[in-house]
Amino acid sequence: MMIEFTVPGEPFGKQRPRHSRVSGTTYTPRETREHEALIRQEYRKQCGTKFPEGAQLRITVTAVMGIPKSTPKCRRSAMLSGAIRPTKKPDWDNIGKLVCDALNGVAYDDDKCVCEAVVRKFYGCEPRILVRLEDINA
């Protein structure tokens, strides 16, 4: 079984947990929670199928980042062709972590069943995250 879906908007990486000095608790920042909710919402809207328990999964995350408006035309075409790739934040591992954590309990029981992962960053006219989930043994 293979599932693909798209999350619109500029790619976002998982932020570090914050610690409250007042209450002494640790919490996830609001922006991270909002982006995880968006990923879950898009998955439910576009796919909705949950992988069976114990499935061994491969996830491919392609982050398409918007081209800055100040970019000259000569560099813009190189960015669109893939000759120039993003070396700016968010880091690839934070993007992958956000997507995998957001899909916990929605696409699969826990992200421990993800056995292979690839995260790629490109530039494009329309910023988005493309996610492909595949059962390795299917």
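I began with Glu36 in this predicted model and found the residue buried, at a relative accessible area of 10%. The cut-off for buried is under 20%, so Glu36 qualifies. I placed Glu36 in helix H1, which covers residues 30-46. I then listed its contacts, leaving aside neighbours within four places in sequence: Lys14, Leu98, Asp101 and Ala102.

Next I went to Thr32, which is also in H1. Thr32 has 0% relative accessibility and counts as buried. Which residues does Thr32 touch, not counting those up to four places away in sequence? I noted Phe12, Lys14, Gln15 and Leu98. With Gln15 there is a polar contact, side chain to side chain, at 3.2 Å.

I looked up the largest nonpolar core and recorded 26 residues. The residues with the most contacts inside this core are Ile39, Tyr43, Ile59, Val99, Leu103, Tyr108 and Leu133. I then checked which elements supply at least two residues each: strand E1 (2-8), H1, strand E4 (57-66), helix H3 (92-102) and strand E6 (128-135). Which of the elements gives the most to this core? I found that H3 does, with five residues.

I followed up Ile39 from that core. Not counting residues up to four places away in sequence, Ile39 touches Phe5, Val7, Leu98, Val99, Ala102 and Leu103. Two of these, Val99 and Leu103, are themselves listed with the most contacts inside the core.

E4 and E6 run antiparallel and are joined by eight bridges. For Val64 I found the bridge partner in E6 to be Arg128.

I checked the peptide bond between Lys89 and Pro90. It is cis, with omega about 10 degrees. Pro90 lies in the loop between helix H2 (73-81) and H3.

Last, I looked at Ser23, in the loop between strand E2 (18-19) and strand E3 (26-27). Is Ser23 buried, partly exposed or exposed? I found a relative accessible area of 48%, which makes Ser23 partly exposed; the cut-off for exposed is over 50%. The side chain of Ser23 has a polar contact of 2.8 Å with the side chain of Thr25. Another polar contact, at 3.3 Å, links the side chains of Ser23 and Ser20. I also took the separation from Ser23 to Leu103, which lies 80 residues away along the chain. Their C-alpha atoms are separated by 29 Å.

Definitions and conventions:
Residues are numbered from 1 along each chain as its sequence is written. This is a predicted model: local features need pLDDT of at least 70, side-chain atom pairs count only at pLDDT 80 or more; totals for chains, interfaces and linings use all residues. Side-chain values use heavy atoms; hydrogens and water are left out. Helices (H or I, at least four residues) and strands (E, at least two) are DSSP runs, numbered from the N terminus. Buried means under 20% relative accessible area, exposed over 50%, partly exposed in between (1.4 Å probe, protein chains only). Contact means heavy atoms within 4.5 Å. A polar contact is a pair of N or O atoms within 3.5 Å; within protein, one must be able to donate a hydrogen and the other to accept it, and residues adjacent in sequence count only if both atoms are side-chain atoms. A nonpolar core is a set of buried Ala, Val, Leu, Ile, Met, Phe, Trp, Tyr and Cys residues joined through side-chain atoms within 4.5 Å. Two strands pair if DSSP finds at least two bridges between them.
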